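Hi there,

Here is the structure I promised to pass on to you. Have a look at it first, and then read on for my notes.

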Amino acid sequence: MSDFNPKIVAFVCNWCTYAGADLTGTSRMKYSPQVSIIRFPCTGRIDFMLLLKAFANGADGIIVSGCHPNDCHYSSGNFHARRRWIVFRGLLDFLGIDVRRVRFSWVSAAEGAKWAQLVNDTAEHVRQLGPFSGYHRLRGLGVG
Amino acid sequence: METENKSIRRDALEKLFSQWLAGGKRILAPKKIGDKIDFAAVTSLAEVSRDHVQTVQSPKTSVFPRVEELFSFKSSDGRVQIRERNGASLGETVVFGLRPCDAAAYASLAAIFTWDNPDSLFSARLAKTTVIGVSCARADEYCFCTAVGGGPGATAGSDILLTDLGSGEYLAEIVSEKGRQTVQATPGQFLPAAGKEKENRLAKVDPAFALDKIAPALAVLFDDAAFWEEQSRRCLGCGACAYVCPTCACFDIQDEGGVSGQRLRCWDSCGFSLFTLHTSGHNPRALQSQRWRQRLMHKFAYMPERQQVLGCVGCGRCSRACPVDMNILEHLRAIAEAKP
Amino acid sequence: METLRDKARELLAARTVQVIIGYGQGSGGGARAVFVREAADADALIFNEACRQNLAVYLMKPEVRKLGKAALVATPSALRTILQLAAENQVGDHDLLALAVHAAGEVTLLATLQAIEAHVTELDADLSAAEKAELRKYEALSLEQRREYWQEQFSRCLKCYACRAACPLCYCSRCTVECNQPQWIPVPAHDLGNLEWNVMRAMHLAGRCVNCGDCSRACPVAIPLYLLNQKLISDVFANFNARSGMAAKTDNAMSIFKPDDSEDFIR
């Protein structure tokens, strides 16, 4: 399991977390190269199905991160996202899809260190959980 | 080939199962799944359900899978490699315990898939499927096989048709060359029939309507929009009827993947609103009533006209599965009795 | 039953409505939807234990809407559906009135959305004790057991969309699955596509589903879809104190937010 390098996909908002990740870089803080960052205008734009698509395409873990409540560039996108995640997490868990593999966070443009910590933590956590083979092997099942 | 009568005992059938499985064959048979009886892979005769009139789905998946890979592709260095499905790589299947109506359905499917553009995958699957039917001791109000040229003891489409004679014994009618080969491959299991008969073991199903009235009536009723609107008003336009039907053969083709992937064929239904939607936005069958009419026309007029075979075997599955009780038999009776 | 038929005859004769959407005799001793347009045909209407279909699904069908103003023979679920449709601006007072039926055979005419609201307030709209117990049973399974259970259930899905077709709240004239640029939800009924479809539909009904159960009854292969919907009904109520189908003018729980919505899972 120590050889396993988890694939982490991060869905982040442009104005806070993406900028925060930029800061991590310019501050020369190192963080796990396992993460692939996908930039959105806002967490409110993140369709919950995207998380399942990421898993279906080989992700072992997912990070979803945006502006802190009240700091959303579009005022309330993150509030809508929060409600959506509350419900979606519950549904995934009910279906036996391991929600420990999905990390939600608020990371602001000033929180470069928090971003690095989040990614490293998540990568290590998912490394412990192992590859998400339970989901990956769904692809191809039921095809004659 | 003339049908030959033999008999077989239940314990010999068990031996057949073991032999088929040992030979790497898949056995599809009616099996209890939750509260329903449906076709599924079985590994013993004991798993096969015996106290049902009909299964939820048909065994058409043996030759026309719900999802089927047509080919896979991979692109690299600007070139695309395609790997086609090879019929030779397919395994063998025994469909065991299907009803005479389901057996007759293979001819309707073959009429479409081997029509003007022979479908090699379908033909390969059909060649590798052995059909062992079981005649019907019971029928219910949804069955109408006898109205469409079939019957509870009809042998058309079966390689072997079994009839339960009671006390663990079956009459085995060896109908086709494949049936004969099955008998030969399992020496000692099939015994002489010694005058055993099936007639008093079969359900009584009176023909529910006069088939020869249907196509002419449909031609006359075609433009009667009000008639079709009345009939179809409660139809919700789902695909349940098409998917459980043993003769429905409409399919969609979907490419999945990106740089590498597969081309898949999957079931489709003429009941869906999207079915005839053109990319221009025009839809020649925009109304559910037009789609319902099409379903009946296709099965009872177009297919007989073009492929000389009916698109319905009277199994009644569509009516049992329909969430709103469309009951095709009722509608067919209304059509047969419609005054021009 | 005579009260129902009498009321129907009255409404049609006075042209208060152009069609009664109700239940009639169906196959196998069951019931089916009937659309009575002439007072003389009101005898076709029945009401018994077999009458469970949520007839509100027909309120959104163009082929039925074009018949004119409708009177809907309404079970409690159908009444809540009407309110939810109204809250989503899909129906108004001019479109319909409801004939609320009770097990005892009484019929209450509810001529306005306001009247329906008043009537529905008296109903116990919560999940029943048995439903809650069943939900807890599934929630109590281990992660692996839940995964295995739902994989088996979804492997049977045919993508026939009977669940969608039967659901009165799945009324989009162009469903997400019918979008093919990109093909967001796979068309073929393979295991992955089936999971995505059922998850998506459950989420699109979050805060909207009224627990009528028609999706589960419609499913030809008996997938317990109601469990997904009841899970979300339960979670939406627990987290947002919101229940669908109770008011004709209200916000959808998933379209609004509260500043103090739960954050305990967010770092």
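How many Å separate the centres of domain 1 and domain 2 of chain B, taken over C-alpha atoms? The value is 25 Å. Please keep in mind throughout that this is a predicted model. The predictor gives the complex an ipTM of 0.95, together with a pTM of 0.96. For chain C, the mean pLDDT is 96, and 100% of the residues reach 70 or more.

**Chain B: two domains and a sheet**

In the domain assignment of chain B, domain 1 is made of 4-66 + 74-201, and domain 2 covers 211-336. Their contact takes 29 residues from domain 1 of chain B and 24 residues from domain 2 of chain B. On the domain 1 side of that contact, strand S4 (67-76) and helix H2 (100-113) of chain B are the elements that give two or more residues.

**Chain A: a parallel sheet**

Chain A has an open sheet of 4 strands with parallel pairing, ordered S2-S1-S3-S4. Strand S2 (35-40) and strand S4 (102-106) of chain A are the edge strands, and each of them pairs on one side only. On average, neighbouring strands of this sheet are turned by 20° against each other, direction ignored. Strand S1 (residues 8-13) of chain A and strand S3 (residues 61-66) of chain A run parallel and are joined by 5 bridges. Ile8(A) stands opposite Gly61(A) in S3(A). Helix H4 (residues 112-129) of chain A lies across S1, S2, S3 and S4 of chain A, and runs at about 160° to S3(A).

**Chain C: two domains and a partner**

The assignment for chain C gives domain 1 (2-121) and domain 2 (129-244). The C-alpha centres of these two domains of chain C lie 26 Å apart. Here 12 residues from domain 1 of chain C and 11 residues from domain 2 of chain C make up the contact. The domain 1 side has 5 nonpolar, 6 polar and 1 charged residues.

Chain C also meets chain A: 33 residues of chain C are in contact with 33 residues of chain A. On the chain C side, helix H6 (143-155), helix H8 (191-204) and helix H10 (225-240) each supply at least two residues. H8(C) gives the most, with 8 residues. That side of chain C divides into 18 nonpolar, 4 polar and 11 charged residues.

**Two residues in chain C**

Is Lys61(C) buried or partly exposed? Lys61(C) sits in the loop between strand S2 (31-36) and helix H2 (62-65) of chain C. Lys61(C) is partly exposed because 19 other C-beta atoms lie within 10 Å, whereas a buried residue needs 20 or more. Lys61(C) and Pro182(C) are 121 residues apart in sequence, and their C-alpha atoms are 27 Å apart in space.

The other residue is Ile256(C), in the segment after H10 of chain C. Ile256(C) counts as partly exposed too, because 16 C-beta neighbours lie inside 10 Å. Ile256(C) and Phe240(C) are 16 residues apart along the chain, with 9.9 Å between their C-alpha atoms.

Happy to talk any of this through.

Best wishes

Terms used: Residues are numbered from 1 along each chain as its sequence is written. Chains are lettered from A and ligands numbered from 1 in the order in which they are written. This is a predicted model: local features need pLDDT of at least 70, side-chain atom pairs count only at pLDDT 80 or more; totals for chains, interfaces and linings use all residues. A residue is buried if 20 or more other C-beta atoms lie within 10 Å of its own, exposed if 12 or fewer, and partly exposed in between; C-beta atoms are placed from the backbone. pLDDT is the predictor's confidence in each residue, from 0 to 100. Domain bounds come from an automatic or database domain assignment. Two residues are in contact if their C-beta atoms, placed from the backbone, lie within 7 Å. Ala, Val, Leu, Ile, Met, Phe, Trp, Tyr, Cys and Pro count as nonpolar, Asp, Glu, Lys and Arg as charged, and the others, Gly among them, as polar. Two strands pair if DSSP finds at least two bridges between them. Axes are lines fitted to C-alpha atoms, for helices over the stretch in contact, and angles run from 0 to 180 degrees between N-to-C directions.
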